[in-house]
Amino acid sequence: MKRRIFTDEHEAFRETVRTFLAKEVLPHYAQWEQDGIVSRAAWLAAGRQGLLGLAVPEEYGGGGNADFRYAAVLHEEFTRAGAPGLAIGLHNDIIGPYLTALATGEQKRRWLPGFCSGELITAIAMTEPGAGSDLQGIRTTAEDRGDHWVLNGSKTFISNGILADLVLVVARTTPEGGAHGLSLLVVERGMEGFERGRNLDKIGQKSQDTAELFFRDVRIPKENLLGELNGAFVHLMTNLAQERMAIAVAGIAAAEHLLEITTAYVKEREAFGRPLARLQHVRFEIAELATECAVTRAFLDRCIEDHAAGTLDGVHASMAKWWATELQKRAADRCLQLHGGYGYMNEYPVARAFTDGRIQTIYGGTTEIMKEIIGRSLLG
C-alpha cells in the first residue's frame, strides 16, 4: 500500500540520509563492528550533513524542525542499511528533547551547538546493575553540598557510554522520595571521579559502544542540574513516548526489509530442483509475514502522524513498541530459517539483523512492561 504520511520534503531528506550512509557509514561499518565502536569522525560528518539536532532551534545550530516524520525517515534508512551502531536516534530523539525542553538558556548555549555539530556526543544513564525499569530501585546518589552535588554510584548498559561527552545521569537527590526523589544531573567528560568501565561485549550491534559507568565523589556544579530538582520521574515519563516510537519505527522498518530480502532469496535459491518460492510452505510463510507487516505499517504510520501532531499518548506508543518489535523478532527468526545455513553466516544481512535486532524488545521498556502499561490503562 502506498504510504501517505510523507511529503516531497521528507523524501528529499530520505535521499540525503541514503547518500550519507553510502558515503560516511557503510564503507567503514565492518571496521567499526570489529573495533566495537564507531569513529568520532562519523558523528562530525553527521553534524555537517545536518542530521544531528533536527528539532533543536536554528539559533543553536539545529534544524529547527520538530516534525517527527524526519526522525522516522532517519530510523527507517539506518535500519534498512543495517547500521544501528551510529546511534543518531538516541542522540536526537531520546536525549535531544531533554536538552531542548529542560535546559536553561545558559545550558543551551553551552551544550546545544556541540550537540548539533557532533562535537558533543550524548548518553543517558538510568539503568543500574540492580535497577532496570524500576526507577524506585535507583541507588546512585547526589548529595547537596551547597554550591555543588557529590555524585556516587554506577550505571550499566549505557549506549554511547564510551564516546559520550555529556551523560544525563538519573540520581537520587532526596533519599526518602522514592521515584519522586530523583533528579537529572549532566556529567561532562573529564570530571574527576567519572570513570568508564568495560565496553560491553554484546551479541549484536557490536559497533554501538555500550558501557559501564562509575561515579566516585564526582563534583557536579549546581548549574548542571537539568530540569526540576526531584523532577526526573516526570521528565522521564514525558519523553518515553518518543523513545518508544523511535524503537517501533525501526522495528517495522526492519521487518519490512527482512521480508524484502527474503522474498528475493527464495525466488533464487533452489531445492529439489525448483526455487524455494514454489514450495507452498514457503509461500505461506511469506504471505503471513507480508500481511503482518502491512497491518503493522498502517498502525505505525498512524502513530507517526499522531506523534508529529503532538497527539500520540503513551499507551498507543507502548502498543506500537511491543507489537512492532515482537514482529521484528519473529520476522528475523523466520527469515533466517528460510535462508537455511546461509542465514547463519554473518556475511548475510539476515544474520546480522537477527542479532542486532534482538535488543529491540528489551530496551526502552521490555515487551512485558509495555503490556503492563496498556493493561493498567484498560483495567486500572
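Two residues are in contact when heavy atoms lie within 4.5 Å. Keep that in mind for this predicted model. Among contacts in the protein chain with a separation of 6 or more, 73% join residues 24 or more positions apart.

Now take the overall form. The protein chain holds eleven helices and ten strands. Its C-alpha atoms fill a box of roughly 80 × 50 × 40 Å along the principal axes. The radius of gyration is 21 Å. A compact globule of 380 residues would have a value near 21 Å, so the two agree.

Of the 380 residues, 51% count as buried. The chain exposes about 17,800 Å², and carbon and sulfur atoms supply 53% of that area. Charges come next. There are 41 positive and 49 negative ones, and their mean positions are 4 Å apart.

Move on to residues 236-379. An unreviewed UniProt entry places the feature "domain: Acyl-CoA dehydrogenase/oxidase C-terminal" there. This stretch is 76% helix and 3% strand. Its end C-alpha atoms are 24 Å apart.

Finally, zoom in on two residues. Most residues other than glycine have a negative phi. F157 has a positive phi, near 60°. N160 has a positive value too, near 65°. F157 lies in strand β3, which covers residues 148-159. N160 lies in the loop between β3 and β4 (166-172).

Which of them is buried, and which exposed? The cut-offs decide: buried means under 20% relative accessible area, exposed over 50%. F157 has 58% relative accessibility, so F157 counts as exposed. N160 has a relative accessible area of 1%, so N160 is buried.

Note on methods. Residues are numbered from 1 along each chain as its sequence is written. This is a predicted model: local features need pLDDT of at least 70, side-chain atom pairs count only at pLDDT 80 or more; totals for chains, interfaces and linings use all residues. Side-chain values use heavy atoms; hydrogens and water are left out. Helices (H or I, at least four residues) and strands (E, at least two) are DSSP runs, numbered from the N terminus. The radius of gyration is taken over C-alpha atoms; the globule rule is 2.2 Å times the number of residues to the power 0.38. Buried means under 20% relative accessible area, exposed over 50%, partly exposed in between (1.4 Å probe, protein chains only). Accessible areas come from the Shrake-Rupley method with a 1.4 Å probe; for residues, only the protein chains shown count as cover. Lys and Arg count as positive and Asp and Glu as negative; His and the chain ends are not counted. The place of a charge is taken as NZ of Lys, CZ of Arg, CG of Asp or CD of Glu. UniProt positions are given in the numbering used here, feature names are shortened, and annotations may be inferred rather than shown by experiment.
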